[in-house]
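Dear colleague,

Please find the structure below, handed over for your study.

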Amino acid sequence: MAPPHGKITFLQSGTRRKTDKKQFQSMLDESKKLSTNIPIMRAHFPDECRLIKEWHTNKSLVFFDFNETGNNEHSILWLLFPITPSGSAYLSPFSRSSFIELFNHDNFDEYFKNIIAPIHTELVNGERKQQAINSHNSTNTMSGFDKYLRNKQRRQRRL
C-alpha cells in the first residue's frame, strides 16, 4: 500500500485555540476503545471536535500535540488515522519521543508501511464486515405487523 500521506505528515498544535483541548477530551470520553493490542479509539461524534472536523478529510497523516506533560519521554501525541470509506475517525496515542526518533532517523515511511498502513487496513476491513452483518440483519428483521401483511398476501395468492 502506498502511503496515503504522500510523504507529508502534519503535527498540529492542540493548544492553538482555547476550546480545542476540551472538545478533543470530550470526544475521547465519548469514544469507543477498540479491543486491540494497541489503544485505538473510534470517535462516535468526530464533527463535534473542531480539530477532527478540520483534519479528518485530509489524506495526510495528522498528529495532534496537546503538550500534556513537560517530560518528553512520557509525553504523547494523538495519531488521527486516514479517513475510512465509511467516514469513521480513529485515533491512537503515539509517543512523542518515538515520533521524533522516527523522523530523525528517517524511518517514518518504513514505520507507516509496516505498522500504520496494516492497522488502517484492518480498521477498514472490520468496518466492511460490520456493514455486511448489519445489512444482512436488517433484511432478516421484520416487525410483527410486516410479517402479518406478508403472510396475509401469501394466503390470498393461494386461493
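**Findings**

Asp47 is placed in the loop that runs between strand E3 (41-43) and helix H2 (50-55). Please bear in mind that this is a predicted model. With a relative accessibility of 56%, Asp47 counts as exposed, because exposed means over 50%. Asp47 also belongs to a patch of negative charge on the surface, where it gathers with Asp29, Glu30 and Glu48.

Helix H3 comes next. Which residues of helix H3 (residues 96-104) are buried? They are Arg96, Phe99 and Leu102. These residues cover an arc of only 130° around the axis, and therefore they lie on the same side of H3. The face of H3 that is turned away from the buried side carries Glu101 and Asn104, which are exposed.

The chain then leaves this helix. Asp106 lies in the loop between H3 and helix H4 (108-140). Just after H3, this residue takes a positive phi of about 55°. Most residues other than glycine have a negative phi. Asp106 has its positive phi although it is not a glycine. Is Asp106 buried or exposed? Its relative accessibility is 69%, so Asp106 counts as exposed.

Yours sincerely

Note on methods:
Residues are numbered from 1 along each chain as its sequence is written. This is a predicted model: local features need pLDDT of at least 70, side-chain atom pairs count only at pLDDT 80 or more; totals for chains, interfaces and linings use all residues. Side-chain values use heavy atoms; hydrogens and water are left out. Buried means under 20% relative accessible area, exposed over 50%, partly exposed in between (1.4 Å probe, protein chains only). Helices (H or I, at least four residues) and strands (E, at least two) are DSSP runs, numbered from the N terminus. The arc is that of the directions from the helix axis to the C-beta atoms. Patches are made of residues with over 30% relative accessible area and no salt bridge: like charges are joined within 9 Å, nonpolar side chains (Val, Leu, Ile, Met, Phe, Trp, Tyr) within 5 Å. Accessible areas come from the Shrake-Rupley method with a 1.4 Å probe; for residues, only the protein chains shown count as cover. A salt bridge is a side-chain nitrogen of Lys or Arg within 4 Å of a carboxyl oxygen of Asp or Glu. Lys and Arg count as positive and Asp and Glu as negative; His and the chain ends are not counted. The place of a charge is taken as NZ of Lys, CZ of Arg, CG of Asp or CD of Glu.
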